[in-house]
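Here is a friendly walk through a two-part question: how do the pieces of this model meet one another? Have the coordinates open while you read.

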Amino acid sequence: MEAENYLLCVDNMKKSFGITKALKGVQLQLKSGEILGLIGENGSGKSTLTSIIAGIQPADSGGILFHGEPYSIQNSVEANEKGICMILQEKATFDNLSVAHNVFIGNEKEFCKHGILNNKLIFEKAREVLKKIGVTEIDVKDKIKNRSFEDGKLVELARAANLNPQILIVDETTTALSQNGRDILYTMMENMKKEGKSVIFISHDIDEMMSKCDRLSILRDGDYIGTLEKEEYSPEKIKSLMVGRTITDNYYREDTKSSYGDEIVLKAENITTSNLKDVSFELHKGEILGFGGLADSGMHDIGKAAFGAIHIKKGKVVDGQNEQIYSPSVAMKKKIAYIGKNRDQESLFVNSPIRDNVALPSYKIIAKNTFVSPTKERKFVEEWTTKLDVKMQNIDQYVSELSGGNKQKVAIAKWLGFGADIFILDCPTRGIDIGVKASIYKLLTDLKNRGKSIILISEELPEVIGMCDRVVVLKNGQNSGIFVREDDLTENKLINYMV
Amino acid sequence: MDFLKKVNFKTLFPLLGLIGVVLFFQIITGGKVFQTKNIMAVINSSFFILIATVAFSFIMSVGNLDLSMGTVMAVSCTCAAVVAKISPFLALPVAILVGGIFGAFNGFVHADMKLGSLIATMTTQSIFSGILVLILDGGTLSAPKYMLSWNTMSLKITAMLIIVLIGIYLFNFTAYGKQCRAVGSCAEAARLCGVSVRRVKYMTFINMGFAMGALGFFSLIRTGTASATTGSDLMMNVWCAALLGGLPLSGGSAAKFRSVLIGSFTMAFLANGMTLMGLLSRDKQLIQGIVFLIAVAISFDRKHMVVIK
Ligand SMILES: Nc1ncnc2c1ncn2[C@@H]1O[C@H](COP(=O)(O)OP(=O)(O)OP(=O)(O)O)[C@@H](O)[C@H]1O
Ligand SMILES: [Mg+2]
């Protein structure tokens with residue numbers, strides 16, 4: 001096929017950030033009416049490449065042909081006008097604006113008359129757009145900051161749907177969505193394909209990529225490795241092309257029986273929060289306790305409540321000594337660690353160096369009589385960033401400059417360094433590539449074997465089933481079933497209790 | 001060339017500003033700036049600004065501001081004058097204690113009553129000056145004469161060194177200093193890292209109060225009196241110093257301690273230079289206003305500014 005026959009054609013694109021070569025001459029071809037997968041390890045350049053296409057940043061060199069013609073744009077607004085739209089890996093909604101205003105951000109003109117914004121119309125139209133993509137539960141008048149991270153992503157989807165683009169780029173969004181959110185995204189992608197439009201889809205989930213994408217382009221360390229046609233798909237092949245060597249298949253825990261101590265280390269007694277109703281659970285020493293559910297199940301509140309980070313209306317969370325946990329600093333004194341889902345707002349200081357991020361919870365360990373020695377701090381941070389294989393220039397690099405998956409690794413490194421006895425992990429492998437995922441699962445297993453306890457909250461059912469001793473399924477903020485680890489625990493079984 | 005790429009010129013601005021100011025006055029006054037006598041005068045005029053800016057830098061790294069500092073200093077100075085009548089040796093401890101209490105009140109209004117720092121300290125400033133007027137009862141208070149003899153260069157240089165060293169230590173080498181910047185970067189993330197945001201905020205205001213207390217004492221031994229105008233020009237100078245030095249209004253990890261030193265000395269050389277040029281105080285006021293405007297203009301990172309606190 002000649003270049004003119006492709007809808008979008010990227011040739012020899014290069015981009016460097018200081019000494020980091022993010023793209024070293026990459027090519028990419030996108031046909032009309034196809035879903036093209038883009039896969040590669042963390043920091044391989046996926047977001048960089050796609051954000052250049054979407055006009056968010058300029059390339060150093062290299063050309064793009066769109067409809068067979070040279071395509072040059074200054075910013076993302078121009079890209080939108082030309083019909084290219086991107087859902088970012090990071091949060092891209094405005095906290096203090098309503099859902100509706102977020103949907104139409106940048107397009108308020110349509111609702112203006114004599115310079116006055118017709119809010120009623122905006123709300124009405126927003127409801128329409130949301131409904132069209134299948135979202136009905138979100139109140140369009142709500143401020144974004146009162147909505148969950150997932151809702152924010154759905155609002156971004158609606159924003160894109162409203163622009164009706166020729167090319168939609170979806171960067172690592174599925175891991176932010178629960179089952180029903182994912183279905184909304186998939187339907188939207190399928191519909192675009194039917195209309196002859198195209199999607200560039202980025203995810204680290206190989207099964208998902210194989211089932212959704214018509215072709216699969218692979219990047220490794222800023223290099224273009226190749227593109228697979230659907231007939232050529234196999235997990236082994238994709239993995240080995242991604243990492244440049246073969247890696248073993250099974251990365252979850254190997255034993256299939258649940259095992260944990262008798263001692264209870266954490267107990268929630270009838271807790272009620274704005275999203276939970278009367279939920280109780282017990283966490284044992286050496287146990288991995290999983291939580292699963294749909295978007296509105298309130299499962300993300302479990303982690304926050306157990307860490308004392310949100311207001312509990314009724315009931316309480318206590319540790320093994322029956323002492324109440326009512327604030328994060330109390331929780332930390334009891335050696336509890338918490339990695340939240342909303343990475344950029346809650347888990348990380350993106351505008352600070354990696355060093356400050358990793359060391360912050362652990363100054364008590366690093367300091368000697370209040371003195372925090374810079375060398376000791378550096379050693380500490382380097383130890384943990386190396387263990388998690390964070391791809392960075394050095395520890396003084398700003399977190400905002402890291403790729404999505406590497407940011408997540410920093411968040412995990414921070415709490416592993418803290419050395420807690422109880423880890424509360426909310427979607428810990430969000431946006432992390434398979435190689436590192438495997439090492440995180442191994443780490444969790446090690447922690448468990450050393451008698452640490454883990455609460456694992458995740459949208460990924462295979463992960464929950466693969467790792468946990470017991471799984472609690474939540475539905476509408478209530479406990480709807482508890483499952484013990486066994487051979488024949490399947491996703492379907494859990495899903496039955498979710499909906 | 002790689003080296004050049006690494007240097008961020010924006011971070012060099014403040015230092016270039018300081019060098020520029022010094023060179024400007026050195027040329028205009030025909031070399032008077034670097035005479036020993038004048039250097040002493042510069043140190044003298046940097047004394048108050050420097051100590052206050054050291055404490056203020058912590059408040060700024062949290063992303064807060066303080067409008068009440070001059071008044072806290074005046075109240076401390078007045079209380080020092082009152083107890084000096086009983087025993088002059090009580091003056092310093094009492095001044096520092098009073099400053100700390102008023103600072104804690106700032107912390108209470110900001111962190112517990114949950115008012116933004118600007119509004120909080122505006123309110124407290126007005127309360128504090130009310131208290132000041134009550135104590136002074138419309139007049140001034142004077143200290144025993146011989147206390148003036150305490151006001152020596154060596155004492156001041158020692159005090160400055162001690163406070164700067166404590167500042168550097170707290171700022172760069174303790175969890176407290178780092179937590180301040182963490183709160184300034186993102187208070188919610190800091191809270192979820194176990195940082196007691198409330199405590200950190202209290203601490204910054206209490207420490208500011210301590211510093212103001214100490215300065216109240218030094219003001220007393222310098223002028224021998226406490227009056228309603230004590231410390232009235234302090235705040236403007238300190239804000240100027242902080243901004244000229246490059247402390248970001250938004251707080252966070254961009255705050256560096258060197259800004260405190262650079263900013264304070266820029267202000268000191270500026271004031272000193274204007275005196276050398278023989279400017280009248282009303283002209284100085286105008287020029288200082290302009291300097292403040294410039295300081296704010298260059299320090300506002302408009303690209304990244306979302307809201308103005
Ligand atoms: N603004 C920036 N400044 C410096 N380096 C950057 C910047 N943006 C990206 N990089 C670097 O470029 C490389 C590629 O990053 P990119 O975000 O494209 O990776 P990715 O493939 O999207 O990874 P992930 O799967 O983790 O999201 C990384 O090494 C990253 O650290
Ligand atoms: Mg990415």
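Between chain B and chain A of this predicted model, the count is one salt bridge, that is, a side-chain nitrogen of Lys or Arg within 4 Å of a carboxyl oxygen of Asp or Glu. Its partners are the side chains of Lys178(B) and Glu377(A), with 2.9 Å from N to O. Eight residue pairs across the interface of chain B and chain A are in polar contact, both residues at pLDDT 80 or more. Here a polar contact is a pair of N or O atoms within 3.5 Å; within protein, one must be able to donate a hydrogen and the other to accept it, and residues adjacent in sequence count only if both atoms are side-chain atoms.

Which elements of chain B supply at least two residues each to the side that touches chain A? They are α7 (153–173), α8 (175–185) and α9 (187–191) of chain B. The largest share, five residues, comes from α8(B). By class, the side of chain B that touches chain A has 10 nonpolar, five polar and four charged residues. In this scheme Ala, Val, Leu, Ile, Met, Phe, Trp, Tyr, Cys and Pro count as nonpolar, Asp, Glu, Lys and Arg as charged, and the others, Gly among them, as polar.

In terms of contact (heavy atoms within 4.5 Å), 19 residues of chain B meet 27 residues of chain A. The two chains bury about 1800 Å² between them, 63% of it on carbon and sulfur atoms; buried area is the accessible area (1.4 Å probe) that two parts lose on being put together, summed over both. In chain B, Lys178(B), Leu192(B) and Cys193(B) lose the most area to chain A, together 34% of what that side buries.

An automatic or database domain assignment divides chain A into domain 1 (3–243) and domain 2 (264–498), and 28 Å separate their centres, taken over C-alpha atoms.

Asp221(A) forms a salt bridge with Lys391(A), the closest N and O atoms being 3.3 Å apart. The domain interface also holds 12 residue pairs in polar contact.

As for the chains themselves, chain A has 18 helices and 21 strands, while chain B has 13 helices and two strands. The C-alpha atoms of chain A fill a box of roughly 70 × 50 × 50 Å along the principal axes, and those of chain B one of roughly 65 × 55 × 35 Å.

Residues are numbered from 1 along each chain as its sequence is written, and chains are lettered from A and ligands numbered from 1 in the order in which they are written. Local features need pLDDT of at least 70, side-chain atom pairs count only at pLDDT 80 or more, and totals for chains, interfaces and linings use all residues, while side-chain values use heavy atoms, with hydrogens and water left out.

Definitions and conventions: Helices (H or I, at least four residues) and strands (E, at least two) are DSSP runs, numbered from the N terminus.
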